[in-house]
Amino acid sequence: MSGAVPIETVLAQRRAADLLLGDVTSAQVWQLPGVSRYRPEMLSHLTPELTGELAEILGARRLRVLQDVLICKPPGAPEVPWHTDISYTGFLVPPRAMSVRLSLVDTERRTGCLSVLDRSHSWAPPQVSRAGDSSIAAGALEALPGGSEAALTAQVDVPLRAGDITLHHCRTWHMSHPNLSTDFTRKTIVVHVFDAQCGIDPQRVPEHVRGHIRLDELPLLPSEAAPRRS
Ligand SMILES: O=C(O)CCC(=O)C(=O)O
């Protein structure tokens, strides 16, 4: 969704991200879950019109937020390896969930942009045991029919401008490139949303939170019918 969020909103979110992150320079991938609890403006891009559109895309009437995460990749940060998000949202039944990623900065391959396997949400799902397992199942891509070489023919990089939004389904294979720059930090807000009508498969809930996840207590997003984008 190109230019989905007004730049004033993005700049306010970027300032909030900078306050939360401080002077992050260590060359690793920083993930700060639940940042909207401290800085509510981190979700200010989720207007009723946008969330109505997102719900329609996912085939849901209303959406709830599973989690929001601020992801930051300073210079030298490594790649995030290939994975699907279903390895940690796999307890949602049916698996109707997606990640809504808002780029707070311009980003391209050299600075660590996302890459996806086009249409992989319709592929046979990877074997997952329980939600809460590592989201990065080493070797899972190689285990796909045809192996990683066949899978990677569907690879598409997703360079973004500040204010662009991308969506990926919980079954979409994706990774992000290393940040090869020496002076640029990639910043992204990721919101994991799901169909408010989803239930829970208790067998897939990790033991340490079993009995504690109440989907109906998670934030329900406002929804408004939105005009279709071209
Ligand atoms: O933004 C990134 O670098 C990785 C994002 C990711 O893996 C995700 O949104 O699930």
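In this structure, four antiparallel strands make up an open sheet in the order S3-S9-S6-S7, where two strands are taken to pair if DSSP finds at least two bridges between them. The strands, like the helices, are DSSP runs numbered from the N terminus, with at least two residues (E) for a strand and at least four (H or I) for a helix. Strand S3 (80–83) and strand S7 (155–158) are the edge strands; each has a single partner, so one side of each is left without a neighbour in the sheet. Neighbouring strands of this sheet are turned against each other by 20 degrees on average, direction ignored, with axes given by lines fitted to C-alpha atoms, for helices over the stretch in contact, and angles running from 0 to 180 degrees between N-to-C directions. S3 and S9 run antiparallel and are joined by two bridges; here Val80 has Ser176 in S9 as its bridge partner.

A word on the basis of this description is in order. The model is predicted, and local features need pLDDT of at least 70, side-chain atom pairs count only at pLDDT 80 or more, and totals for chains, interfaces and linings use all residues. Residue numbers start from 1 along each chain as its sequence is written.

A further open sheet consists of five strands in the order S1-S2-S10-S5-S8, again with antiparallel pairing. Its edges are S1 and strand S8 (165–169), each with a single partner strand, so one side of each is left without a neighbour in the sheet. From one strand to the next, the twist averages 25 degrees. Helix H2 packs on this sheet and touches S2, S5, S8 and S10, its direction making about 105 degrees with that of S2. Contact here is assigned to two residues whose C-beta atoms, placed from the backbone, lie within 7 Å.

Strand S2 can be followed through its pairings. Four bridges link S2 in the antiparallel sense to strand S1 (residues 30–33), with Trp30 and Cys72 as bridge partners. Ten bridges join S2 to S10, also antiparallel. Cys72 stands opposite Lys187 in S10, and Arg64 stands opposite Phe194 in S10. S2 is mostly covered, eight of its eleven residues being buried; a residue counts as buried if 20 or more other C-beta atoms lie within 10 Å of its own, as exposed if 12 or fewer do, and as partly exposed in between, with C-beta atoms placed from the backbone.

The largest nonpolar core holds 33 residues, and those with the most contacts inside it are Leu63, Leu70, Ala97, Val193 and Phe194. Such a core is a set of buried Ala, Val, Leu, Ile, Met, Phe, Trp, Tyr and Cys residues joined through C-beta atoms within 7 Å. At least two of its residues come from each of helix H1 (7–21), helix H2 (48–58), strand S2 (63–73), S5 and S10, with S2 giving the largest share, five residues. Apart from this core lies another, of eight residues, including Trp82, Cys113, Val116 and Leu160. Beyond four places in sequence, Phe194 is in contact with Leu63, Arg64, Leu66, Leu92, Arg96 and Ala97. In H2, the buried residues are Leu50, Thr51, Gly52, Glu53, Leu54 and Ala55, and these pack against S2, S5 and S10. Gly59, with a positive phi near 80 degrees, follows H2.

The ligand is surrounded by Ile71, Val80, Asp85, Ser99, Arg101, Leu114, His174, Ser176, Thr188 and Val190, each counted as near if its C-beta atom, placed from the backbone, lies within 6 Å. Strand S5 (97–103), strand S9 (174–176) and strand S10 (186–195) are the elements that give two or more residues to this shell. By class, the shell divides into four nonpolar, four polar and two charged residues, with Ala, Val, Leu, Ile, Met, Phe, Trp, Tyr, Cys and Pro taken as nonpolar, Asp, Glu, Lys and Arg as charged, and the others, Gly among them, as polar.

Some loop residues also deserve a look. Cys198, in the loop between S10 and strand S11 (199–200), counts as buried, with 20 C-beta neighbours inside 10 Å. Leaving aside neighbours within four places in sequence, Cys198 is in contact with Leu92, Val93, Pro94, Arg96 and Leu215. Val93 and Pro94 are joined by a cis peptide bond, with omega about -10 degrees, and Pro94 lies in the loop between strand S4 (92–93) and S5. With 12 other C-beta atoms within 10 Å, Arg119 is exposed.
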